[in-house]
Structures are given as structure tokens and as C-alpha cells.
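Here is a quick tour of a protein fold, one piece at a time. Keep the picture open while you read, and look for each piece as it comes up.

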Amino acid sequence: MIITEVTARVFRTTTRRHSDSAGHAHPGPPHQVQQAILTIQTEDGQEGHSFTAPEIVRPHVIDKFVKKVLIGQDYRDRERLWQDLAHWQRGSAAQLTDRTLAVVDCALWDLAGRASNTPVYKLIGAYRDKVLAYGSIMCGDELEGGLATPEDYGRFAEALVKRGYKGIKLHTWMPPVSWAPDVKMDLKACAAVREAVGPDIRLMIDAFHWYSRTDALELGRGLEKLGFDWIEEPMDEQSMSSYKWLADNLDIPVVGPESAAGKHWHRAEWVKSGACDILRTGVNDVGGITPALKTMRMAECFGMECEVHGNTAMNLHVVAASKNCRWYERGLLHPFLEYDDGHDYLKSLSDPMDQDGYVHVPDRPGLGEEIDFDFIENNRVQ
Ligand SMILES: O=C(O)[C@H](O)[C@@H](O)[C@@H](O)C(=O)NO
Ligand SMILES: [Mg+2]
């Protein structure tokens, strides 16, 4: 039960996803990027794994914080280990981020699952073993036949419905797209999608994250006419009062916060202040499965749904262990990319979706990721 080693291995992986200057993904030619796998090992040879960006588990972070908290401890003491690591953040000169807490917490959950031959969502206490996914479309672009026009969005939405999606979320155009942001273009894309898919497919938007209150209000009012289910992150989430103002002035549900810091504590303040109608959490955003579950359960106490940000196994297990969220966010999707191709370092998809739009939680121990360790070793960087 005692943790004896924590290692981070960095390896090359090939992807067609390229990040723009704002950090949003767009399709491009295959290129090699670096990924890291964090492994936590016990004295009796048990292992737990989780993936992240290499800088999140760089040697300074692992040696100065993670090993100091974990080595010699019982791997089952996840709550205490998470609290201890979180307390190190204040004095870490901003070097110990929520993303590091997340990858450590996920690897501990994976370890507990693998050691007990149990999927994480069953360890937590399962609510369901399949969940409807919404197709989360990439931010718009200026690529011919990509997501450059409202009609492009409409055509792609039709294809997603044919694939089985019963919900679709648009990320619309944002800088560095030359003419973005533009509320009227956002509404044209949303109207084209509604026209293309009809009234029964659920639609949501995740807009430019820095609109003004009046722009966000104009966008929200337009979405109400199109029967959208929610408006997400149309303004800077650091201004909770702007979101309260927007939620007070709109009928369409306001979802958030996604990117605001403060973990489950700050999300409690959003609920208390009325800054959102549907809460939002995400394993990477709040520092792990452990705080994501705290957020989800807190929302339930207020009769609120809490939608989970992001794909991958870690988020899927939180959704599968919770009643008060409707969707799994499957994406990001683009006409030029085949999401179901997965990753070269995993032997199977962690979120397989059937033709009816349901993602099935893999019945494999831990997070259920079928890791290709040979691929990782053959492509090791560090
Ligand atoms: O960078 C972002 O804004 C998010 O990662 C975005 O791409 C997407 O994951 C999101 O916001 N989902 O809700
Ligand atoms: Mg979002």
C-alpha cells in the first residue's frame, strides 16, 4: 500500500492538432509533440498512471512537491494526499498548479482501480455505465471547407448528427481569426446549425471568452430565439458579477465557470452569488477527480446540474459517477479530423461512442486507458 516511487516519462506522440496563439486547437498536418505519463508505484509493485503535458510534471515540481507529499504514504489516502498537496500551492511561487494536482490525483485513482481490479467510476460509486455525448466543435477558422463560414458549421453539424450525436456545442470564431470576435457571425453560425439539425438536437455555445456584458447579452438573446440550451464563457470569468448580471438578464441558462481558478471553493461562490444557472467543473480545471466530485456534489445540494469540461477518461468517470450532469463533452471535433482515430499511445478509445450517441465507460480497471507502454518506451524523450 505504501508509495515508493513517482516518475514522469516524456515521450513523442504524433497529432494533427495545433494550438493557436490563444491556446485553442485547430487541424493541421501531422506533427510530433511531447506528452508525459506520470506513474505512481507502491512497495508491492502496484502502479497508477495519468497523462499530462511535460511541464506539468517537470523534475522541479515532482522533486520539490509531489515526492515530498507522496513517498512513504498509503496510496489509498487520496483525500489527505490531495489536501496536503493543495496546501503546498500557496508557498510554491505559483509553480505547483491545479494541473499538477489533477494528474497526481488521477494517477492515485488509477492506482486504486488497477490494484482492486475496479473501474474508477465503480470505486467512486457508479450512477451509470453510459452517457450521452455532445459533439464539441473546435473554434472556427479560415480554412477552406473547414469551419470558416456559418454554412461550414451547418454542414459539419449534419455530419455529427449522422454519427449519432444528440447534442452539439459550437466554439465560434476567436482571434487570431482576422475578423473575430463577431456576435452577429456567431449568431449566423448558430442559426445555420439549428437550420441544419432541426429542433430536437440540443445545441450549446462556448463563445469568445472576453465579450463585454452588452455583447454577451446580444448573443444570449439571439440564442434564446434559436432554442439553445446554454451559453458558456462569453465573458472573462474573473468577473463573477458580470456573470450574475448576465444570468439575471437572460432566460437561456448560463454555464460556468470553466477556466476560473479557485477549484470547488470558487465554484461554491458562483452558486451562492447566482452567477450561473448550471455549474461547471473539469478534472484539469479544479485539480483532480477528487475536487471535481466535491463540485458536483455541492451543485446537487442546490438542485443544480454541473457539466463537466473536457473529454478523456478522467472526466468520463466523474460524469459516470454523477446524476446531476447531462452530458459527456466529446471533442474537440473538426471536419478535417477523425476523432475516433484516438492517440498512438493508447490501444483503444477511452470514450467509445455508439451510433445512438452514447459513450460507454470501458469496463477496465482504473481509468481504463489501454496504455501502449512499448510505444512510450520506443518514443521516450526523457
Ligand atoms: O481552450 C479552451 O477554451 C477549451 O479547452 C476549449 O477548447 C474547450 O475544451 C472548451 O472550452 N470546452 O468547454
Ligand atoms: Mg468551454
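Two strands count as paired if DSSP finds at least two bridges between them. With that in mind, look at strand 2, where Gln-32 sits opposite Thr-14. One thing to remember throughout is that this is a predicted model.

- Three strands make an open sheet here, in the order 1-2-3, with antiparallel pairing.
- Which strands stand at the edges? They are strand 1 (3-19) and strand 3 (47-52); each has a single partner strand, so one side of each has no neighbour in the sheet.
- From one strand to the next, the twist averages 15°.
- Strand 1 and strand 2 (residues 25-42) are joined by 15 bridges and pair in the antiparallel sense.
- Besides the Thr-14 and Gln-32 pair, you can find Ile-3, whose bridge partner in strand 2 is Thr-42.
- The hairpin of strand 1 and strand 2 has five residues between the strands, and Gly-23 takes a positive phi near 90° there.
- For background, strands of a sheet pair through backbone hydrogen bonds, and they can do so in a parallel or an antiparallel way.

- Strand 8 (residues 254-256) and strand 9 (residues 278-281) run parallel, and two bridges join them.
- Gly-256 has Leu-279 in strand 9 as its bridge partner.
- How does the chain get from strand 8 to strand 9? It goes through helix 9 (residues 263-273), and this β-α-β crossover is right-handed.
- On its way through strand 9, the chain points Ile-278 and Arg-280 one way and Leu-279 and Thr-281 the other way. All of these residues are buried.
- Thr-281 has Val-308 in strand 10 as its bridge partner.

**Helices that pack together**

- Helix 7 (residues 213-225) packs against helix 8 (residues 240-249) at an angle of about 35°, and their axes are 10 Å apart.
- The crossing of helix 7 and helix 8 is right-handed.
- On the helix 7 side, the contact uses Arg-213, Ala-216, Leu-217 and Arg-221; on the helix 8 side, Ser-241, Ser-242, Trp-245, Leu-246 and Asn-249.
- Sorted by class, the residues where helix 7 meets helix 8 are four nonpolar, three polar and two charged.
- Helix 8 has a contact with helix 9 too: their axes come within 10 Å and cross at roughly 35°.
- The crossing of helix 8 and helix 9 is right-handed.
- Met-240, Tyr-243 and Lys-244 of helix 8 make this contact with His-266, Glu-269, Trp-270 and Ser-273 of helix 9.
- The contact of helix 8 with helix 9 has three nonpolar, two polar and two charged residues.

- Gly-167 belongs to strand 5 (residues 167-171). Is Gly-167 buried or exposed? Its relative accessible area is 0%, so Gly-167 is buried.
- Leaving out residues up to four places away in sequence, Gly-167 touches Ala-133, Tyr-134, Gly-135, Ile-201, Arg-202 and Trp-327.
- Gly-167 and Asn-117 are 50 residues apart in sequence, and their C-alpha atoms are 33 Å apart in space.
- Asn-315 is part of helix 12 (residues 312-320). With a relative accessible area of 3%, Asn-315 is under the 20% cut-off and therefore buried.
- Leu-349 is in the loop between strand 11 (328-333) and strand 12 (358-360). Leu-349 has 23% relative accessibility, so it counts as partly exposed.
- Among the contacts of Leu-349, with neighbours within four places in sequence left aside, are Arg-330, Tyr-339 and Pro-362.
- Leu-349 and Glu-370 are 21 residues apart along the chain, with their C-alpha atoms separated by 8.2 Å.

Note on methods:
Residues numbered from 1 in each chain as written. Chains lettered and ligands numbered in written order. Predicted model: local features only at pLDDT ≥ 70, side-chain atom pairs only at ≥ 80, totals over all residues. Heavy atoms only, no water. Buried < 20%, exposed > 50% of the residue type's maximum accessible area, 1.4 Å probe, protein only. Helix = DSSP H or I, 4+ residues; strand = E, 2+ residues; numbered from the N terminus. Right-handed = clockwise from strand over helix to strand, strands pointing away. Axes fitted to C-alpha atoms, helices over the stretch in contact; angles between N-to-C directions. Left-handed = near helix turned anticlockwise from the far one by under 90°. Contact = heavy atoms within 4.5 Å. Nonpolar A, V, L, I, M, F, W, Y, C, P; charged D, E, K, R; others polar.
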